[in-house]
Amino acid sequence: MRYAFGIDVGTTGIKAAIVDSDGKAIAYENAEQKQYFPRPGWCEQDPDEILRLCLDIYSRLLEKTGLKPKNISCIGLDHQGESCLVWDKKTGRPVYPVITWQDRRMAAVSDEFGKQYGDRIRTLTGLRSDSYYSAWKIRWILDNIPDGQKRAESGELLAGTLNTWLFWNFSGRKAFVTDESSSDVMMLCDPRQACWNDWLLEKMNIPKVMLPKIVPCNDILCITDEEVFGADIPVTCSLADCSAGIVASGAVMEGDLMVTYGTGNFLHLITGNRFIVPTGGLTSACSFAMKERKAYQLNGICYTAGSAVKWLKNGLGLIESASETQALAESVKDSAGVYYVPAMNGIATPYWDQSARGAFIGLTAASTKAHLVRAVLESCALQVANCSNIMRKVSGTDISRINAMGGMTVNGFLMQLQADLCGMEVSLPAQTEPCYGAACMALSGIGTDFRIEDLKAINPPIRTYYPSMKEEERNRRIGNWLKAVERTLDWHPQE
Ligand code: ADP
């Protein structure tokens, strides 16, 4: 039996697994890491702490399983995407902490840039111009450390997302590399060519010499230094965390749609080997690029979902726990014409209107608490149905099923309604841990006959909901809800 060590360097914590070459996770370990908020809107992490925790978890997993470093055939790593740092090539020391994806310090500058170049960025990279992406964080660092630009241009500084920082250290400062799903989120790359784009580099004034080499996600990214890992182990997977979750769930074929039902709803549709220039308020990205095949994805974002359920509890005091919502919703035959628009912080896909605000509409004297609660749950399913319709149109892809993950999937009412409103099956995958996905892809990169395409069969869904609503009814409900949404847009009340 061969074993892979998979590690997920997430936003608030690190989780790792040992997975055997049959695709069975034999042990997990995790650790919390700190986030620092030096100013409002800023968010930083300590790169040394992240490295230390990764190595610590590795030792703990070896101890737990009784395996030795020489028993580990490969390593897979996934990370929190856009978060990045800059370090000194000679000393190996970071010149500034990690600036994380949530950090908004460059928001005003990136919005201004977006007004001028938003369209070109969308067609070139598939992204929206947003301070979220790494390019803006690198820009800020170069502008705020002594001689930053000069040192970068002379080749003294290196920049990368967390995978690149970790591989550099895992390999004893030999490997300076990233993968195609990670390079994509830096907003400096053309995902069709998998190379740094000269126009973007020039506009951001970031010298190419400070950026890592881009390779496929299941290539040999580096070989670990024996002093660091106790053996020379090939790292054969690197992914952004969203892609690792997709791989873990087995939703890796064209037409697979993964939807997260957590604080918000996030949709990722695999569009096969086609990069689609996004319209309809979607974004595009490389989902994963293996040596043997490449998969792109279309993304949709709905800011508010589970957070509206939390608001029913904490803000309105209508319920005592989120789990009550199912029984309450099922206690009435419908929402009695009440619709809820989950625009508590504005609306993302497809409108991208930050001024929109939440609303209940269609209220009458007969509306009850149960109708309101039901309308809130329905709004989550409605916004996902609307986004998936847009994805179908924009991609021309026949969506086969929804793979649902996240805290709200325990709500059977919501999941059944989702199947009905989308007219397709909704499955809850048995596996969604990104570290498991990273370990599995790593196994596929070392010449085992392990294929990520087999994961659906290895971990069959724990539950599937089948659609039963008539198309006419589906269209009526979505149409009414969209009318409600329109009334909340462009909301600029006088102060
Ligand atoms: P995140 O990862 O974004 O923090 P989770 O995937 O952990 O979110 O999901 C938590 C969300 O799910 C919370 O916002 C909560 O309100 C919602 N939630 C939890 N249980 C239920 C339930 N039974 N019905 C509806 N919503 C639920």
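Pro350 has its place in the loop between strand E19 (339-341) and strand E20 (359-361), and a cis peptide bond with omega of about -5° joins Thr349 to Pro350. This is a predicted model, in which local features need pLDDT of at least 70 and side-chain atom pairs count only at pLDDT 80 or more, while totals for chains, interfaces and linings use all residues. Residues are numbered from 1 along each chain as its sequence is written. The protein has 16 helices and 23 strands, where helices (H or I, at least four residues) and strands (E, at least two) are DSSP runs numbered from the N terminus.

**Overall form**
- The radius of gyration of the protein, taken over C-alpha atoms, is 23 Å, close to the 23 Å that the globule rule (2.2 Å times the number of residues to the power 0.38) gives for 495 residues, so the protein is as compact as a globular protein of that length.
- Along its principal axes, the C-alpha trace of the protein spans about 70 × 55 × 40 Å.
- Another backbone detail is at Asp147, which has a positive phi of about 55° although it is not a glycine, and which lies in the loop between helix H3 (134-144) and helix H4 (148-153).

**Two domains**
- The protein is divided into domain 1 (3-242) and domain 2 (253-428 + 462-495), with bounds that come from an automatic or database domain assignment.
- The centres of domain 1 and domain 2, taken over C-alpha atoms, are separated by 31 Å.
- In domain 1, 17 residues are in contact with 13 residues of domain 2, contact meaning that the C-beta atoms of two residues, placed from the backbone, lie within 7 Å.
- Helix H2 (107-125) and helix H6 (180-184) each supply at least two residues of the side of domain 1 that touches domain 2, and H6 gives the most to that side, with three residues.

**The six-stranded sheet**
- Six strands form an open sheet in the order E3-E2-E1-E5-E14-E13, with mixed pairing, and two strands count as paired if DSSP finds at least two bridges between them.
- Strand E3 (25-32) and strand E13 (222-223) stand at the edges with a single partner strand each, so one side of each is left without a neighbour in the sheet.
- Helix H1 (residues 47-65) packs on this sheet, touching E1, strand E2 (13-20) and E3, and its direction makes about 145° with that of E3; such angles run from 0 to 180 degrees between N-to-C directions, with axes as lines fitted to C-alpha atoms, for helices over the stretch in contact.
- Strand E1 (residues 3-9) and strand E5 (residues 72-79) pair in the parallel sense over seven bridges, and Phe5 has Ile75 in E5 as its bridge partner.

**The seven-stranded sheet**
- An open sheet of seven strands has the order E17-E18-E16-E15-E21-E22-E23, and its pairing is mixed.
- Strand E17 (283-289) and strand E23 (463-465) stand at its edges, each with a single partner strand, so one side of each is left without a neighbour in the sheet.
- From one strand to the next, the twist averages 25°.
- E17 pairs with strand E18 (residues 294-302) in the antiparallel sense over six bridges, and the bridge partner of Cys286 in E18 is Tyr296.

**Around the ligand**
- The ligand is surrounded by 14 residues, of which the closest are Gly262, Thr263, Gly306, Ala322 and Gly407; a residue is near a molecule if its C-beta atom, placed from the backbone, lies within 6 Å of it.
- Helix H10 (residues 306-314) gives the most to this shell, with four residues.
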